[in-house]
Amino acid sequence: MSDEKNTTIDEVNTDDRKLEETVKGVVEDTSKDDSEYEKLCSICHRPESIAGKMIELPNNLYVCPDCMQKSFDMMNNGQIDLNQLMRMPGVQILNMQDLENMMPKQQKVKKKKEKKEEKPELDLHNIPAPHKIKAKLDDYVIGQEQAKKIISVAVYNHYKRVVTDTMDDIEIEKSNILMLGPTGSGKTYLVKTLARLLDVPLAITDATSLTEAGYIGDDIESLVSKLLAAADNDVEKAERGIIFVDEIDKIAKKKNTNQRDVSGESVQQGMLKLLEGSDVEVPVGANSKNAMVPLTTVNTRNILFICGGAFPGLEQIIKERLNKHSSIGFIADLKDKYDNDKNLLSKVTVEDLRNFGMIPEFLGRLPVICTLQSLDRDMFVKILKEPRNAILKQYQKLLALDEVRLEFEDDALYAIAEKAMEKDTGARALRAIIEEFMLDIMYEIPKDDSIGEVIITRDYIEGTGGPVIRLRGQEVPPLLENNPVQESGL
């Protein structure tokens with residue numbers, strides 16, 4: 001009996017000890033949870049990290065110093081006599097318990113943990129060399145060899161200038177870039193790839209929305225505010241970023257107009273100091289200075305500006321200049337010599353851009369001029385299948401998720417390229433064409449689990465046949481001679 005009593009007492013003691021440990025753990029967890037959350041003001045609902053040290057009131061109520069001071073000011077300076085207010089019918093005195101029931105439940109806001117982020121400093125040794133920059137661009141951009149070489153050297157020199165700042169008291173000027181090329185030739189894609197490679201913030205904006213200060217539209221400073229937003233409001237990081245201004249040809253000087261050119265020549269003049277390097281006050285967290293937000297100063301001296309545009313009509317200006325110089329004498333060239341030259345933009349000069357409507361001061365701050373070639377059929381085919389994120393690879397990945405293999409015949413790729421050339425919108429046309437003929441395939445394949453492979457043929461692209469469908473475990477494709485569309489199930 002004594003052994004049984006001792007055993008029972010030990011079990012009770014063990015249970016009591018476990019209960020104490022459990023209660024202690026719950027208390028510790030509760031205190032830990034409370035310490036992780038901030039106190040909120042019961043009036044303005046701001047957390048303690050923003051409003052400051054809270055004033056504690058009974059029944060777990062907290063008031064920030066601002067709200068408390070406003071309450072005192074209202075009572076001291078107010079015109080309402082509180083004694084007369086209490087004598088008014090219908091007015092009752094509230095006690096703190098009633099106030100507690102009327103107040104909404106406090107929201108919990110976790111305290112922000114201080115993170116020690118180690119920012120990698122940009123030095124001369126970790127800047128990729130021009131050949132490495134071009135090799136990375138080759139993985140994503142097809143063709144445009146000369147343009148990629150010019151951009152790689154310009155970017156390398158720019159960030160060498162940023163790192164060294166000065167070299168033997170010789171100030172190195174900025175190498176801003178002006179990119180010319182037909183639509184869909186890869187101007188924006190080149191800049192996006194470049195920013196991803198260098199791991200610097202990038203802001204892409206259109207010049208069409210820019211206007212002179214004081215007029216409806218975006219101010220010139222909005223370019224810098226977008227870059228600051230892309231850098232998570234880190235001024236130091238933003239001052240080493242890239243700003244790409246697309247559609248720069250849309251701010252060309254208007255000809256034969258008597259009205260004020262607020263969206264053309266005035267924008268070019270407003271961008272001069274920005275391109276050269278100046279201190280700009282921009283709002284933090286907003287694109288407009290009218291917003292009630294604090295301003296910060298950003299220096300654009302080390303920001304790389306890349307301007308791009310299609311410049312429609314510039315080919316005619318170049319052609320007139322070339323014909324004018326080569327149409328005199330017995331050995332003069334024919335006037336239609338340059339009519340079929342698809343790379344006429346590569347012969348552009350600063351004088352041609354001035355005749356187009358760009359002011360000399362603006363062009364002087366864009367010393368590096370590179371032109372992108374128009375795409376031919378072979379380049380379209382390479383764009384379809386060679387880049388790391390090629391369009392065909394994307395669709396093959398989509399069908400692979402359904403355990404279906406997708407293949408394209410070479411003739412089918414050339415048929416797609418020919419259709420894209422007819423649209424004359426560059427590489428953007430490829431996506432629209434593929435979306436069109438892949439619609440039925442993407443719709444039908446999830447219905448039939450027996451489909452194992454789809455082969456896209458030229459006949460399917462041209463609308464004279466259907467794709468080759470192979471079932472799972474089937475080595476020979478089914479006969480599609482009579483009616484390929486019906487036998488393929490599409």
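Visitor: What makes the reach of the Gln144 side chain to the backbone nitrogen of Gln373 a polar contact?
Guide: The side chain of Gln144 comes to 2.7 Å from the backbone nitrogen of Gln373, whereas a polar contact is a pair of N or O atoms within 3.5 Å (within protein, one must be able to donate a hydrogen and the other to accept it, and residues adjacent in sequence count only if both atoms are side-chain atoms), so the distance meets the limit. A polar atom of the Gln144 side chain also lies 3.5 Å from the backbone oxygen of Ser185. The model is a predicted one, in which local features need pLDDT of at least 70 and side-chain atom pairs count only at pLDDT 80 or more, while totals for chains, interfaces and linings use all residues. Residues are numbered from 1 along each chain as its sequence is written, and side-chain values use heavy atoms, with hydrogens and water left out.

Visitor: How do you know whether Gln144 is buried or exposed?
Guide: Buried means under 20% relative accessible area, exposed over 50%, and partly exposed in between (1.4 Å probe, protein chains only); Gln144 has 3%, so this residue is buried. Gln144 belongs to the loop between helix 6 and helix 7 (145-164), where helices (H or I, at least four residues) and strands (E, at least two) are DSSP runs numbered from the N terminus.

Visitor: Why is the contact of Lys134 with Asp138 called a salt bridge?
Guide: A salt bridge is a side-chain nitrogen of Lys or Arg within 4 Å of a carboxyl oxygen of Asp or Glu, and the closest N and O atoms of Lys134 and Asp138 are 3.2 Å apart, so the pair qualifies. Both residues belong to helix 6 (residues 130-140), where a spacing of four residues separates them by about one helical turn. Lys134, at 18% relative accessibility, counts as buried, while Asp138, at 30%, is partly exposed.

Visitor: What makes the contact of Glu418 and Arg377 a tie between parts of the chain?
Guide: Their side chains meet in a salt bridge at 3.0 Å, N to O, and because Glu418 lies in helix 18 (residues 410-423) and Arg377 in helix 16 (residues 377-385), the pair ties together parts that are 41 residues apart in sequence. Glu418 has a relative accessible area of 27% and is partly exposed, and Arg377, with 35%, is partly exposed as well. Salt bridges that share partners also join Lys134, Asp138, Glu145 and Lys148 into one network, and the structure holds 17 salt bridges.

Visitor: How many aromatic pairs are there, and what is the arrangement of the rings of Phe437 and Tyr460?
Guide: The structure holds two aromatic pairs. For Phe437 and Tyr460 the ring centres are 5.9 Å apart and the planes stand at 85°, so the pair is edge-to-face. The rule is that rings of Phe, Tyr and Trp (its six-membered ring) pair if their centres lie within 6.5 Å, planes under 30 degrees apart counting as stacked, over 60 as edge-to-face and the rest as tilted. This pair links distant parts of the chain, with Phe437 in helix 19 (residues 428-444) and Tyr460 in helix 20 (residues 458-462), 23 residues apart. Phe437 and Tyr460 are both buried.
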